[in-house]
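Let's take a walk through this fold together. Have a look at the chain first, and then we'll pick out some details.

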Amino acid sequence: MRKPKSKKSRMQSKHSELQEVELLKSWIESQQPERGSNPTSLPALPLDARTGHLDSTRFSRYAGATRACLPHALCGRDVRGAAKTGSGKTLAFIIPIVEKLYRERWCPQDGVGSIIISPTREIAGQTFDVLRLVRRHHSFSAALLIGGRRGKDVDAEKELVNECNILVCTPGRLLQHMDETPHFDCSQLQLPKQRQTLLFSATQPKGVKDLAALCLKDPEFLSVHEKPVTATPSNLQQTFVIVHLHQKLEMLWRFIKKNLKSRVLMFLSTRKQVQFIYEAFTTLRPGISLMAFYGKLDQRTRMATVSEFSKQPSVLFSTDVASRGLDFNQGVDWVVQVDCPGDVASYIHRVGRTARYDSVGKSLLFLMPSEEKMLEKLQAAKIPIWEIKPNKNVVQSVSGKLADSIVHDPDLHGLAQSAFKTYLKSVDKKDKEIFDVTKLPIDEFSASIGLASTPRIRFLNNKIKSSSKKVSEL
Ligand SMILES: Nc1ncnc2c1ncn2[C@@H]1O[C@H](COP(=O)(O)OP(=O)(O)OP(=O)(O)O)[C@@H](O)[C@H]1O
């Protein structure tokens, strides 16, 4: 057992900590980077040694987003940062939080000092892991509050929530504690007038700009990758292939068979498509482990899937729930977009699940001939993408095998029908400049996924009728 510190030694260490904090404050004051500068060349950062010593973790040096942001963030400035996917934006806000609490001499008895709200449970989990590494030599306590846990866990959380200094949570669970946990006082959550805000994104669509205008005060704008030639990581090799809707499944199957030793993340538009393709391909035994990921899965399965996927060659079929912020420990070899994303920003975030930090990665986009306008948008957004031509001689018919499976499996048949319907509905919701659901060859599509007859889609029939009426009126 460790001998308790004497009163004298406690006083001494308190005194030296006070001195250290004062020194840090004056160091920060004297090192304020010029406004508008991108200060990546500062020899040393004014960080407390406990935060600065990340050498023995996986963060050997501060890079990209972190390096550019810290000098401004540490001296209390608001920051709006454009930094590519996988460039280390998490550390860029975790370190300033830990340092701020340290300089404020926050201690365990002071209760909640910082709340980090993450959009999904997985992102909250990975943010919490980074926080654990950064604050491991500090005395702050931290907790991860996310949904999908059992009642018993929620009760245990209620016990500790008031005593934690940093909370990492999803919005739903935070609201639950605000409603149910006695004395959990979040009145400070009303954004205080005096506050510091750091806003980072790999893309800068209108929504991000509007948010910046709303919540940032006199911000530093940091374009971390100075004069970037491309909007995506330079270690990412991007390709597309032109494929008709009814040939997608064949192409997908062929791709999987050719990449049995890779970790492949495949994006589809809807949960029903993910469930159908996962179930259907599992019955066909491709020779590689298959997994599915979507928002409605229970939390335990979601966590297990994320952790399993990056460890071994496997194919993960997913909705866009995995498209932003998720970090598979740099373990994704390929990102395949089986359905074209709705816009350029979604494209960038999806492909950003690979080629993270200093790892390399590849991506493939399936584009239907009717969607070729998307290429113009990608090129205009500085995304270098090359066409690959499929080998026409390789014939791998899966439709016939799927039709066989569907006949004998009513559940699979139901899933195929739902996948068909939800896909068409998802196309109808996308940008009309690129996508036109009425032009899709739906009978061929239906047959290609193994359905004996084309399901009736009322909204589509009405659309086709009204557009042919308009033509005949001309
Ligand atoms: N200094 C570093 N040394 C080594 N690895 C790092 C460093 N900084 C970040 N990484 C690693 O890079 C990966 C991407 O980091 P992070 O998730 O913070 O990126 P991001 O910019 O937030 O990505 P996204 O735009 O997808 O949200 C992570 O696996 C992280 O561990």
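**Rings that meet**

Start with Trp253, Phe281 and Phe317, which form one aromatic cluster. Rings of Phe, Tyr and Trp (its six-membered ring) pair if their centres lie within 6.5 Å; planes under 30 degrees apart count as stacked, over 60 as edge-to-face and the rest as tilted. A word on the source: this is a predicted model, where local features need pLDDT of at least 70 and side-chain atom pairs count only at pLDDT 80 or more, while totals for chains, interfaces and linings use all residues. Residues are numbered from 1 along each chain as its sequence is written, and side-chain values use heavy atoms, with hydrogens and water left out.

In this structure there are six aromatic pairs. One of them joins tryptophan 253 and phenylalanine 281 edge-to-face, at 5.0 Å centre to centre and with 80° between the planes. That pair links distant parts of the chain, 28 residues apart: tryptophan 253 sits in helix α9 (residues 248-258) and phenylalanine 281 in helix α10. Helices here are DSSP runs (H or I, at least four residues), strands are too (E, at least two), and both are numbered from the N terminus. Are these two residues buried or exposed? Both tryptophan 253 and phenylalanine 281 are buried, where buried means under 20% relative accessible area, exposed over 50% and partly exposed in between (1.4 Å probe, protein chains only).

Now for another pair: phenylalanine 420 and phenylalanine 445 have ring centres 5.2 Å apart and planes at 25°, so they are stacked. Since phenylalanine 420 lies in helix α15 and phenylalanine 445 in helix α16 (residues 442-448), the pair ties together parts 25 residues apart in sequence. Phenylalanine 420 has 0% relative accessibility, so it counts as buried. Phenylalanine 445, at 8%, counts as buried as well.

Next, how do two of these helices pack? Helix α10 (residues 271-283) and helix α15 (residues 410-428) meet at an angle of about 140°, their axes 8 Å apart. Axes are lines fitted to C-alpha atoms, for helices over the stretch in contact, and angles run from 0 to 180 degrees between N-to-C directions. The two helices are therefore oblique to each other (under 35 degrees is roughly parallel, over 145 roughly antiparallel, 65 to 115 roughly perpendicular, and the rest oblique).

Finally, step back to the whole chain, which has 17 helices and 13 strands. Of its 474 residues, 48% count as buried.
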